[in-house]
Structure formats: C-alpha cells, structure tokens
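User: I have a structure open and want to go through it. Start wherever you like.

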Amino acid sequence: MSGISAIRVELSGRSYDVMVGQGLIAQVASLAEEALRKPTVPVVADARAWEHHGAALSAGLRAADKEIALYTVEPGEGSKSWSSLESLTDWMLDQGVERGDQVIAFGGGVVGDLTGFACSILKRGCGFIQIPTTLLAQVDSSVGGKTAINTSRGKNLIGAFHQPSLVLADTDTLASLPVREMQAGFAEVLKYGILGDAEFFLWCTNRSHDILAHQPLVLKQAIAQSVQAKARIVAEDERELSGRRALLNLGHTFGHALEAQTGFGDQLLHGEAVALGMVLAARYSARRGELEKQDAQSVAEAIGRTGLRSQIGELGLSCTGAQLVEHMRHDKKMDAGTLPFLLLRSIGDAYVARDVDLADVAAFLDEQLRAPVTA
Ligand SMILES: NC(=O)c1ccc[n+]([C@@H]2O[C@H](COP(=O)([O-])OP(=O)(O)OC[C@H]3O[C@@H](n4cnc5c(N)ncnc54)[C@H](O)[C@@H]3O)[C@@H](O)[C@H]2O)c1
Ligand SMILES: [Zn+2]
C-alpha cells in the first residue's frame with residue numbers, strides 16, 4: 001500500500017475530496033459512508049470497467065451490508081447520447097433515486113459525463129460519486145463538475161456544471177487499462193505541467209516510463225499532482241468565466257479540429273488529439289515569436305517519448321489547414337466571432353490569446369501537414 005492522497009476541491013457549499021491511491025474501491029463503504037444512506041446503492045458502470053473491477057466494488061459495499069443496483073453502459077463515445085440519457089434517467093427513476101441520494105459513476109469519462117449530467121437533471125439534481133477507472137478520467141474528467149452528452153451537432157454541446165460529492169481514484173483499476181488509453185491519459189497529465197508547472201513537466205518527462213508501467217508511487221503522485229492542479233484552477237473559476245479555467249483547454253482547440261477531421265473515433269483518441277494539439281499550440285506560439293523554438297521542441301519530444309504521436313504528418317490526413325480551421329469555427333469556445341487560443345510564453349506559462357487570425361492558423365497548419373515526418 002502506498003497510502004491515500006486526499007485533495008480538496010474548494011467550492012463554497014460544494015467542496016469535495018478527491019482521494020487517490022491503491023485499493024480504494026475495496027474501502028468504498030468507509031470512504032463514502034455518510035453519502036451512502038440506503039441499503040441499495042445505484043451504480044452506473046462502464047461494461048468493461050465492471051467486468052474487470054465490479055467484483056471488488058461489490059465486495060467493498062457488501063462489507064458494509066450494501067447491495068448494488070447495477071446499470072451498465074456500453075463502452076464508447078456513442079453512449080453519451082440523448083437516448084442513453086433517457087434510458088439512464090428512466091432507470092434512476094425506477095430505482096426510486098431521490099435528491100438526497102448518491103449515484104456512483106464507475107468508468108471512464110464517458111460514464112462520468114453521462115451519469116453526472118443525468119444526476120444534474122434528475123428531480124432537478126441528485127448527488128453522485130465519481131469512481132474514475134481510466135487515467136484520463138482520474139486526472140481530468142471526474143474532477144471539476146463538467147458533465148455533458150453529445151448531439152448530432154457536436155461533442156459535449158448539451159450539459160451542465162454539476163459537482164460530484166466525492167471522487168475515488170483507485171490506481172489499481174488502471175492495471176487493466178489498454179496501454180493506448182494510458183498514453184492518452186498521460187497527455188492530460190503532461191498538460192498540467194506544460195500549462196502551469198515547468199517542474200512537474202520535467203518530473204513527468206523523466207518518469208513517463210514508470211507512470212506508463214504503473215509504478216504505484218509514481219503513478220499516484222502523477223495523478224495527485226494533476227488533480228491538485230485542476231482543483232486549484234476549478235476553485236478559482238468554476239464556470240470558466242474569468243479565463244483561468246480556460247487554461248485547461250491547452251491543446252484542445254487544435255486537438256478538437258483533429259478529432260473532428262478523423263470523425264471522433266478510434267483513429268484518434270481524445271488524449272492523443274490533445275497531445276498533438278499541445279505540440280501544435282507550442283509550435284504556433286514559437287511561430288508567433290512568443291516561445292523559444294527549443295521549448296516547442298521539448299514539448300514535442302516529451303510527448304513523442306511516451307509513444308504518443310507528436311507530428312500531425314503521422315496521421316496521414318488528406319485535408320488542408322483551412323479544413324481544420326473550419327472545424328474550429330464550430331468550437332464551443334467560439335465567442336462573438338473570435339476564437340480564444342491557448343498559447344505558451346514558456347513551458348509552465350500558458351495564456352489565452354484573443355488576437356489569433358484564423359487564416360494565419362490555416363497557413364501554419366498547411367506547413368505542419370506537409371512537414372516531413374521524422375523518426
Ligand atoms: N467532464 C470533463 O471535464 C471531461 C474532461 C475530459 C474528457 N471528458 C470526456 O471524457 C471522455 C473520454 O474519457 P475516457 O478517455 O475515460 O474514455 P472512455 O470512458 O471511453 O474509456 C475509454 C475505454 O476504456 C475502457 N475502460 C474504462 N475503464 C477501464 C478499465 N479500468 N480497464 C479496462 N478498460 C477500461 C472503456 O470501456 C473504454 O473502452 C470523452 O467523452 C470526453 O469528452 C470530459
Ligand atoms: Zn481533454
């Protein structure tokens with residue numbers, strides 16, 4: 001056992017703890033004791049996460065004489081839909097979930113976002129506990145209260161801010177996660193370093209192998225420090241009003257365009273797109289003369305070293321920069337005709353640029369699309 005780290009997300013009236021460590025799901029009953037007030041606990045689980053770790057969660061609850069009412073969700077982005085939301089909320093109503101109850105969301109960002117949104121609207125809002133089982137969900141989506149589903153018009157366009165009452169990030173659950181999902185989550189870990197903490201960036205860069213190899217202490221520290229960074233930013237700007245929270249979108253505008261171009265499918269996972277997006281944001285900052293070229297290169301190398309793609313040429317896209325920019329025009333961060341871009345002054349110092357000319361971005365992307373792929 002490597003101990004539990006507890007990080008407090010400070011939000012007046014809605015503060016909660018994020019616990020990070022090994023073996024947490026076995027201790028769920030004691031960690032969430034006050035929240036679980038009825039003998040049956042509603043659990044919404046990703047089918048695959050449940051297959052691997054459902055028994056441990058059941059045993060943890062049974063130890064406190066709790067039974068599980070289980071609702072499984074098909075793996076994949078397709079489950080963040082209106083129809084899944086309808087089925088899930090119907091099920092919650094059938095289970096008699098009340099406003100004072102807590103529903104457990106057990107899985108990756110898909111289950112967390114879907115369940116969180118369902119809980120934000122069920123009887124005008126019930127409680128929920130996040131038990132994230134992917135690295136991406138542990139360091140990012142389970143913390144901060146953004147919930148959403150996708151529609152035919154785009155990703156995450158319908159949603160709400162609804163904070164969980166507790167987050168249990170059990171690092172043991174990551175043992176069954178495919179390497180590619182670990183790498184995608186690792187991109188979001190690196191993001192916290194690149195946007196605000198050069199020392200953490202360096203630390204992650206030097207330990208990427210240990211993190212991806214599930215070295216318990218290092219993995220726990222990487223997750224805890226990421227959560228701490230996110231908690232701090234969310235506490236300052238819960239609803240993304242002041243611009244602080246927007247920093248968390250580093251790499252996401254470029255990344256979103258790549259995800260849209262590749263159809264939001266298996267060809268490019270969200271974290272993989274963010275990794276490429278961060279390289280593009282760094283290279284674009286260097287092109288504007290705001291970031292040392294060497295720093296942009298360090299970002300690309302750190303990402304490449306984890307096994308993630310760091311050059312868009314590797315995607316083999318047959319599109320133009322203008323086509324990628326067209327996707328950006330539909331970005332939900334679009335604000336009265338301008339699109340804020342997260343750029344870098346140095347590693348560890350990101351800022352929101354509101355003067356970016358999309359035609360210049362298209363020209364830059366054309367260059368990047370044509371750049372020869374280096375080994
Ligand atoms: N709310 C937010 O702030 C926020 C932030 C970032 C991303 N997101 C959302 O999160 C989603 C992506 O999350 P994700 O990367 O966790 O994807 P995901 O939920 O689709 O999970 C990825 C895959 O891993 C499988 N899986 C989950 N846990 C597992 C385990 N322990 N062992 C083996 N397999 C397991 C799932 O079945 C799935 O196939 C996107 O929908 C994105 O929009 C939300
Ligand atoms: Zn992201």
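**Helices, sheet and ligand**

Analyst: Helices α9 and α12 are roughly perpendicular to each other (65 to 115 degrees; under 35 is roughly parallel, over 145 roughly antiparallel, the rest oblique). Helices here are DSSP runs of H or I with at least four residues, and strands are E runs of at least two, numbered from the N terminus. This is a predicted model, where local features need pLDDT of at least 70 and side-chain atom pairs pLDDT 80 or more, while totals for chains, interfaces and linings use all residues. Residues count from 1 along each chain as its sequence is written, chains are lettered from A and ligands numbered from 1 in the order written.

User: What angle do α9 and α12 pack at?

Analyst: About 105°, with the axes of α9 (residues 252-261) and α12 (residues 321-328) 8 Å apart. Axes are lines fitted to C-alpha atoms, for helices over the stretch in contact, and angles run from 0 to 180 degrees between N-to-C directions.

User: Which residues meet there?

Analyst: From α9 they are T253, H256, A257, A260 and Q261, and from α12 they are Q323, L324, H327 and M328. Contact means C-beta atoms, placed from the backbone, within 7 Å.

User: And α10 with α11, parallel or antiparallel?

Analyst: Roughly antiparallel. The axes of α10 (residues 270-287) and α11 (residues 293-305) cross at roughly 170° and come within 8 Å. On the α10 side the contact uses A275, M278, V279, A282, R283, S285 and A286; α11 brings K293, D295, A296, V299, A300 and I303.

User: Now the sheet. What order are the strands in?

Analyst: The order is β1-β2-β9-β6-β5-β3-β4, seven strands in an open sheet with mixed pairing. Strands pair if DSSP finds at least two bridges between them. From one strand to the next, the twist averages 20°.

User: How many bridges hold β5 and β6?

Analyst: Six, in the parallel sense, with β5 at residues 102-107. G107 has P132 of β6 opposite to it.

User: β6 itself, covered or open?

Analyst: Mostly covered: five of the six residues in β6 (residues 127-132) are buried. Buried means 20 or more other C-beta atoms within 10 Å of the residue's own, exposed 12 or fewer, partly exposed in between, all placed from the backbone.

User: Which way do β2 and β9 pair?

Analyst: β2 (residues 16-21) and β9 (residues 166-170) are paired in the parallel sense, over five bridges. G21 has D170 in β9 as its bridge partner.

User: What packs on the sheet?

Analyst: One such helix is α3 (residues 82-94), which touches β3, β4 and β5 and makes about 165° with the direction of β4. α2 also lies across β3 (40-46), β4 and β5, and runs at about 160° to β3.

User: Changing topic: how many residues surround ligand 1?

Analyst: The shell has 27 residues, the closest being P75, G108, G109, T134 and S141. A residue belongs if its C-beta atom, placed from the backbone, lies within 6 Å of the molecule.

User: Last one. Where is E33, and is that spot buried or exposed?

Analyst: E33 is in the loop between α1 (28-31) and β3. E33 is exposed because 10 other C-beta atoms lie within 10 Å.

Key. Two residues are in contact if their C-beta atoms, placed from the backbone, lie within 7 Å.
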